[in-house]
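I opened the notebook to record what I looked up in this structure. The entries follow the order in which I checked things.

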Amino acid sequence: MKIRVVLVEPEGAVNVGFVARACVNFGVDELVLVNPRADLEEALTYSAKAKDFLNKAIIMNDYDEAIKGFDLVVATSSKGYSRGNHIRQAIDLRTFVENIVGRVNSVAIIFGRESSGLKRSELDKADVLVTIPANPGYPVLNLNQAVAIVLYELWLVLKRTSQNLPPRASRDILDKIIDIINHIAVKTGIQEHKRVRLERTIRSILFRSSPSLFEAKMLEYFLRKVYRSIEEKH
């Protein structure tokens, strides 16, 4: 499975260097830095034997481009839950790696700024929100610590991934399902602001559950039948 770590506007050279080391420790394929604020030359001094890896890091200005083309896009945040907030409905790290990772071909994992984390608009573009359970009195981890913990858990699961699992549904199929649900929502008169919340909620459920190809196709078949039935009545 291809793993890309995305750091959005990283601010500290020490953190960037240590993150590069963690990426090498746990077999990450790519490191992407979106609009880095840190001094990358200084970061090299903290990267130890990961200098070559850090030198190959991909520098991008476009957040959307950094997450494009991956089967699963995962945002991370210490604030995993907010009542009534359809974006902050996270799953814990252990549940994520055990139930999802290993069933997709590629994953992009996004980490936010040291000072302020990820913006709401950035979180909204992820398929799944993951949080690391910690002391509720102080749940915010340092950037390089959070990256290392996530990658370690991934490493453990990938080393014991079973080979007797059915093929998982691709992003294309899941996106089609969401698109059909949107069309149904329009036909049934659901207000636009509620459709936005509904789409985000359904997207989170689908990508979190990682349905098999067969399951997704059955769901797509059923939803198409529902949509056609509604159209005929209109």
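**Overall**

I am working with a predicted model. I counted the secondary structure and found 10 helices and 7 strands in the protein. I then looked at dimensions: the C-alpha trace spans about 65 × 40 × 35 Å along its principal axes.

I noted the surface next. The protein exposes about 12,600 Å², and carbon and sulfur atoms supply 51% of that area. Of the 234 residues, 46% count as buried. I also looked up how far contacts reach along the chain: among those between residues at least 6 apart in sequence, 85% join residues at least 24 apart.

**The sheet**

I traced an open sheet of 7 strands in the order S3-S2-S1-S6-S4-S7-S5, with parallel pairing. Which strands stand at the edges? They are S3 (58-60) and S5 (91-92); each has a single partner strand, so one side of each is left without a neighbour in the sheet.

I followed some of the pairs in detail. S1 (residues 2-8) and S6 (residues 106-111) run parallel and are joined by 6 bridges. Within this pair, Val5 has Ile109 in S6 as its bridge partner. Helix H1 (residues 13-25) lies across S1 and S2 (30-34), and its direction is at about 155° to S2.

**Strand S7**

I gave S7 (residues 128-131) its own entry. It pairs in the parallel sense with S4 (residues 72-76) over 3 bridges, and 2 bridges join it to S5, also in parallel. Which residue of S7 is the bridge partner of Ile91? It is Val130, and Thr76 also stands opposite Val130.

I checked the two faces of S7 as well. In a regular strand the side chains alternate between the two faces of the sheet. Here Val128 and Val130 are on one side, Leu129 and Thr131 are on the other, and all four are buried, which leaves both faces of S7 covered.

**Nonpolar cores**

In soluble globular proteins, nonpolar side chains tend to be buried together. I found that the largest nonpolar core has 55 residues. Leu7, Leu31, Leu72, Phe96, Phe111 and Leu151 have the most contacts inside that core. I looked up the surroundings of Leu151: leaving out residues up to four places away in sequence, it touches Val5, Ala22, Cys23, Phe26 and Val28. There is also a second, separate core of 17 residues, including Tyr63, Val73, Leu118 and Leu123.

**Two single residues**

I looked at Ser210, which lies in the loop between helix H9 (192-209) and helix H10 (213-233). Is Ser210 buried or exposed? Its relative accessible area is 7%, and because the limit for buried is under 20%, Ser210 is buried. Apart from neighbours within four places in sequence, Ser210 is in contact with Asn99, Arg103 and Arg168.

I then turned to Ile205, which is found in helix H9. At 48% relative accessibility, Ile205 counts as partly exposed.

Definitions and conventions
Residues are numbered from 1 along each chain as its sequence is written. This is a predicted model: local features need pLDDT of at least 70, side-chain atom pairs count only at pLDDT 80 or more; totals for chains, interfaces and linings use all residues. Side-chain values use heavy atoms; hydrogens and water are left out. Buried means under 20% relative accessible area, exposed over 50%, partly exposed in between (1.4 Å probe, protein chains only). Contact means heavy atoms within 4.5 Å. Two strands pair if DSSP finds at least two bridges between them. Axes are lines fitted to C-alpha atoms, for helices over the stretch in contact, and angles run from 0 to 180 degrees between N-to-C directions. A nonpolar core is a set of buried Ala, Val, Leu, Ile, Met, Phe, Trp, Tyr and Cys residues joined through side-chain atoms within 4.5 Å. Accessible areas come from the Shrake-Rupley method with a 1.4 Å probe; for residues, only the protein chains shown count as cover.
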